[in-house]
Amino acid sequence: IDVVSWGVRGMKRCHLLVVNSPSVEFEIAGQIVLKSSVIANAKENPNFSHPLLHTEMELPVDPDYMPPMTIKVYDNRLFGFKPLAGVHVINTLSLYVPQPAFVSFSDGNKDHSADQQLQLAAQLENTTHVLPPVM
């Protein structure tokens, strides 16, 4: 799972104080799978220093069994106090799973066989998608 978390903006007050040092946790099926870095001062720079988060995990292929992702934002305050500042739930991750593209080829009058199309689909599944570097 790859997550790009740019930063936080427009946070409302949490326990009567401004959210100044937020961090984000990503949970899948109740387990914390990704944690962002802490933004030292959200007023000066609301972006995370390391926006690209990555983890490996097995997920079901059938979208009916895909677990939800819960995104939680915490405010990191003095003495280790971390109140929950916001929550969002993505009910189905299947909307964000890249699907392999099936391409139909024809060479003049000769169409490629189904076996060749399956081989092409397998090659497309094995390719990795690389994101451009973040500046």
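Modeller: Happy to! Let's start with Ser-36, which sits in the loop between strand 3 (31–35) and strand 4 (52–54); strands (E, at least two residues) and helices (H or I, at least four) are DSSP runs, numbered from the N terminus. Please keep in mind that this is a predicted model, where local features need pLDDT of at least 70, side-chain atom pairs count only at pLDDT 80 or more, and totals for chains, interfaces and linings use all residues. Residues are numbered from 1 along each chain as its sequence is written, and side-chain values use heavy atoms, with hydrogens and water left out.

Ser-36 is buried, at a relative accessible area of 11%; buried means under 20%, exposed over 50% and partly exposed in between, with a 1.4 Å probe and protein chains only. The Ser-36 side chain comes to 2.7 Å from the backbone nitrogen of Val-24. Leaving aside residues up to four places away in sequence, Ser-36 touches Ser-23, Val-24, Phe-48 and Leu-53, a contact being heavy atoms within 4.5 Å.

Now the wider setting. The protein has 8 strands and 1 helix, in the order β-β-β-β-β-β-β-β-α along the sequence. Of its 135 residues, 27% count as buried. Among contacts between residues at least 6 apart in sequence, 53% join residues at least 24 apart. The protein exposes about 10200 Å², with 57% of it supplied by carbon and sulfur atoms; these accessible areas come from the Shrake-Rupley method with a 1.4 Å probe.

Terms used:
Polar contact = N/O pair within 3.5 Å; in protein donor to acceptor, adjacent residues only side chain to side chain.
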